[in-house]
Amino acid sequence: MARLVMVSNRLLAPRERGSRAGGLAVALREALQRQGGLWFGWSGEIVDAPSTTVRTTTAGRITYATLDLSQDDYDAYYTHYANSTLWPLCHYRLGLIEFRRAAFQGYQRVNTNFAKALVPLLRPDDIIWVHDYHLIPLGAELRRLGVTNRIGFFLHIPFPAKEVYLALPDHLALGRALTHYDLVGFQTRNDVDAFLGYLEGETGARVSEGGYVEAFGRTTRVQALPIGIDTEAFAETARVAASATETVRLTESLSGRSLVIGVDRLDYSKGLPRKIEALGELLEHRAQHRRRVTYLQISPPSRDSVAQYRTLRREIDAIAGRVNGRYAEFDWAPVRYLNKSFSRGTLAGFYRIAHVGFVAPLRDGMNLVAKEYVAAQNPEDPGVLILSRFAGAARELETALIVNPFDVDGLADALHRGLTMPLSERIARWEPMFDALRANPIDAWCDQFLAVLEERAELGSGVSGSTERSAAVA
Ligand code: GDG
């Protein structure tokens, strides 16, 4: 079996406990552990001067290779270009975009440096899998340095509609960079269509059967490969966690009230202000829920270096304070808003006892929390998932209560419906969702991505050819 080389902005170092990490990092580590390989990315350290020294350490079947970033590189690449330009763009928030040419140059520079640092570590038959929007130019940079290995890319966040993407001054450079990969994977068909629509409309690309697209003199395969979770293991974790101390304490603290749970990084794409407002609407217009429901919103802070995230934090503090101030009683507060993280096991137990899982992002590539909530339910007494139509997960979890996250009244209606739904309907809605999750677990996602990438490489040798493969990105 060829060695797998995974490249992502951050990696889960061997000493980091997986229990506090997100599902994705844990899953990538498991995939590497199974196949054996190299995981390359930023160390998480910021140093005074740019560094070219790669630190490697091996644990089990995985070698971890990391590079530090200088403060300037971190600011330009991570804070500005990745998280203040690409993130808002891909989440349809044009008003929040900060575009600076210097930030784009910093983003390119870090990708070039990553490529230069990675090349000496590569073997001829390695399969390289690059993750997410931080690293779009990496494949082209590797090609420029003569790398002819199979290289795949997966975008975890949405690819925006053409008219939105065109707001990016560098749309062409990044579109072209993506075509240097043998395979570009997206979360949903919607993202694939948006990317292909852009290439066809703006570059005269030709799309052929099997998801191949010819653009900029190269042929790339483009596919929807929706990411999954470790369904069975998570279900088992939740079953066990149901009797864990934290879960029991949470149940006792509810005093028989219904629990609504939200778990979202503190990010403006997650629709947090409207979720809390919707609870206020529910309590305002449906008095039967007053003192009968508790909304637990777990939101670990995220990207504090980006100004908009600090603003959002203040906004949510104010809304949560307002709703509690208006409706709380001396022995009950409707909102419990926590800016901290919990272990995966604890989260699983909390999901399991929650009557409603409240997932209402304004845009989301997939949303693993929705999937984790479904997997964690007791099959005999499952809760109700409220799910935004703008999360990739809504394509698979069709029997959730699908909502428009911009519509606060509609969200309040869904909360009421979820809190009062009879058992038979809850089961009828939950079963197909759980089946969908079982049909696409995370290890199958990894295997499928790599299988398509290998297939592509076989076909691709006759399609794109080595000269185009090593062509420089303009
Ligand atoms: C990006 C895309 C796409 C959250 N709080 C805690 C905690 N988490 C875990 C969740 C889940 C993960 O973090 C979050 O994943 P999401 O998918 O919900 O959202 P993003 O972080 O925005 O992820 C997204 C994903 O990539 C994968 O492709 O689905 O669309 O935006 O696993 O459980 N984990 C722990 N403690 C917490 O407090 N341990």
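This is a short walk through a few parts of the structure above, which is a predicted model.

Okay, let's start with strand β4, residues 62-70. Eight of its nine residues are buried, so β4 is largely enclosed by the rest of the structure. Which strands does β4 pair with? Strand β2, residues 37-47, runs parallel to β4, and eight bridges join the two.

In general, by the way, strands of a sheet pair through backbone hydrogen bonds, either parallel or antiparallel.

Helix α6 is residues 171-178 and helix α7 is residues 189-203. They pack at an angle of about 115 degrees, and their axes are 11 Å apart. The crossing of α6 past α7 is left-handed. So who actually touches whom? On the α6 side you have H171, L172, G175 and L178, and they meet F195, Y198 and T203 in α7. Sorted by type, the residues of that contact come out as four nonpolar, three polar and no charged.

Next, one residue I'd like you to find: R218, in strand β10, which covers residues 218-224. Is R218 buried or exposed? R218 counts as buried, because its relative accessibility is 7% and the cut-off for buried is under 20%. What does its side chain hold on to in there? Another polar contact, of 3.3 Å, links the side chain of R218 with that of H180.

Last stop, the open sheet of six strands. Reading across, the order is β13-β12-β11-β14-β15-β16, and the pairing is parallel. At the edges you find β13 (335-338) and β16 (401-403), each pairing on one side only. On average, neighbouring strands here are turned by 20 degrees against each other, direction ignored.

Let's zoom in on β11, residues 258-263, and β12, residues 293-298: they pair in the parallel sense over six bridges. V260 has Y295 in β12 as its bridge partner. Packed on this sheet is helix α12, residues 344-353, which touches both β11 and β12. The direction of α12 makes about 140 degrees with that of β11.

That's the tour, thanks!

Terms used: Residues are numbered from 1 along each chain as its sequence is written. This is a predicted model: local features need pLDDT of at least 70, side-chain atom pairs count only at pLDDT 80 or more; totals for chains, interfaces and linings use all residues. Side-chain values use heavy atoms; hydrogens and water are left out. Two strands pair if DSSP finds at least two bridges between them. Helices (H or I, at least four residues) and strands (E, at least two) are DSSP runs, numbered from the N terminus. Axes are lines fitted to C-alpha atoms, for helices over the stretch in contact, and angles run from 0 to 180 degrees between N-to-C directions. Contact means heavy atoms within 4.5 Å. A crossing is left-handed if the near helix is turned anticlockwise from the far one by less than a right angle, and right-handed if clockwise. Ala, Val, Leu, Ile, Met, Phe, Trp, Tyr, Cys and Pro count as nonpolar, Asp, Glu, Lys and Arg as charged, and the others, Gly among them, as polar. Buried means under 20% relative accessible area, exposed over 50%, partly exposed in between (1.4 Å probe, protein chains only). A polar contact is a pair of N or O atoms within 3.5 Å; within protein, one must be able to donate a hydrogen and the other to accept it, and residues adjacent in sequence count only if both atoms are side-chain atoms.
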